[in-house]
Amino acid sequence: MNAAMPLALVLGLLFALSGCGETEPEAPPAAKTKPQAVTEREPTVVTIATVANEALTGRIAASGSLIAARVTELGAESPGRILEVLVDIGDNVESGQILFRVDPVPYQTALSEARAGLALARSEQTRAEAEAERMRRLAKQNIVPEQRHEKHQTEAEVARARVAQMRARVARAQLDLEHTEGSAPYAGSVVERSAHEGALVGPGTNILVLAETSRLEAVLDVPEVTPVPVRVGDEVRVWIEGSPRPFET
């Protein structure tokens, strides 16, 4: 066709043809990264506990010794010569057991004399009271003066006082005789013997020493500086030489 195409159409067509032969530029290759080494870690263990208020405890070591709860020195309450000692060191005794005897003969004699004196005083009392009663009747009949009756009444009162005195003397002589035997005031063990048969003893002279071994007390030397304070009621364990197990309190 010879007809001329419009200029604008030709230019648009040329531009379209030129665009069909071109391709888009490729994107530059991405930079390759080097893989990093992975370090494995052990898992962390977390322990969970409940918070509570508790008392801290500690141990304190201390040395000491065992002592008897009671230690008694025994002597003769009635002075005299020791007739026999029935126990020795290390013997275990019961409460009330006879431990020693002092010669009782002088005290037996004194008791006999006191009893005789009491019998005589009672006889005098009987006579004096009978005479006082007789004088009372005679004075009431105006046969004897009142002064004579009063005199016999006084004599009867003296006789009664004499009887009371002799009764006390007999009781004292009986007690002295009983004290010639020394007995144990409680069960325990004899730990000391200071006198033997034939020795002359008196008040204040010790013959035996008795210890109450059924109940012992531990005396410990606790250091002045301790990791924990020591309080009344704390648990104590005591190891005794020769014992396989401790004693707990």
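Mentor: Asp176 and Arg172 form a salt bridge, with their closest N and O atoms 3.2 Å apart. The model is predicted, so local features need pLDDT of at least 70 and side-chain atom pairs pLDDT 80 or more, while totals for chains, interfaces and linings use all residues. Residues are numbered from 1 along each chain as its sequence is written, and side-chain values use heavy atoms, with hydrogens and water left out.

Trainee: What makes the pair Asp176 and Arg172 a salt bridge?

Mentor: The term needs a side-chain nitrogen of Lys or Arg within 4 Å of a carboxyl oxygen of Asp or Glu. The closest N and O atoms of Arg172 and Asp176 are 3.2 Å apart, so the pair qualifies.

Trainee: Where do Asp176 and Arg172 lie?

Mentor: Both are in helix α3 (residues 146-178), four residues apart, about one turn of the helix. Helices (H or I, at least four residues) and strands (E, at least two) are DSSP runs, numbered from the N terminus.

Trainee: Why is Asp176 called buried, and why is Arg172 called exposed?

Mentor: Buried means under 20% relative accessible area, exposed over 50%, and partly exposed in between (1.4 Å probe, protein chains only). Asp176 has 19%, so it counts as buried. Arg172 has 54%, so it counts as exposed. Elsewhere, salt bridges that share partners join Glu84, Arg101 and Glu181 into one network.

Trainee: How do you know that Ser78 is buried?

Mentor: Its relative accessibility is 1%, so the label buried applies. Ser78 sits in the loop between β2 (71-75) and β3 (80-85). Leaving aside neighbours within four places in sequence, Ser78 is in contact (heavy atoms within 4.5 Å) with Val102, Tyr107, Asp176, His179 and Thr180.

Trainee: Which atom of Asp176 lies 2.8 Å from a polar atom of the Ser78 side chain?

Mentor: The backbone oxygen of Asp176 does.

Trainee: Why is Gln125 called buried?

Mentor: Gln125 has 16% relative accessibility, so it falls in the buried class. Gln125 belongs to helix α2 (residues 105-140). With neighbours within four places left aside, its contacts are Ala159, Arg160 and Val163.

Trainee: What makes Arg70 and Glu212 a link between distant parts of the chain?

Mentor: Their side chains meet in a salt bridge of 2.9 Å, N to O. Arg70 is in the loop between β1 (63-68) and β2, Glu212 is in the loop between β9 (206-211) and β10, and the two are 142 residues apart. Arg70 has a relative accessible area of 40%, so it is partly exposed. Glu212 has 10%, so it is buried.

Trainee: How do Arg137 and Glu133 lie in helix α2?

Mentor: They are four residues apart, about one turn of the helix. Their salt bridge has its closest N and O atoms 3.8 Å apart. Arg137, at 43% relative accessibility, is therefore partly exposed, and Glu133, at 33%, is therefore partly exposed.

Methods. Polar contact = N/O pair within 3.5 Å; in protein donor to acceptor, adjacent residues only side chain to side chain.
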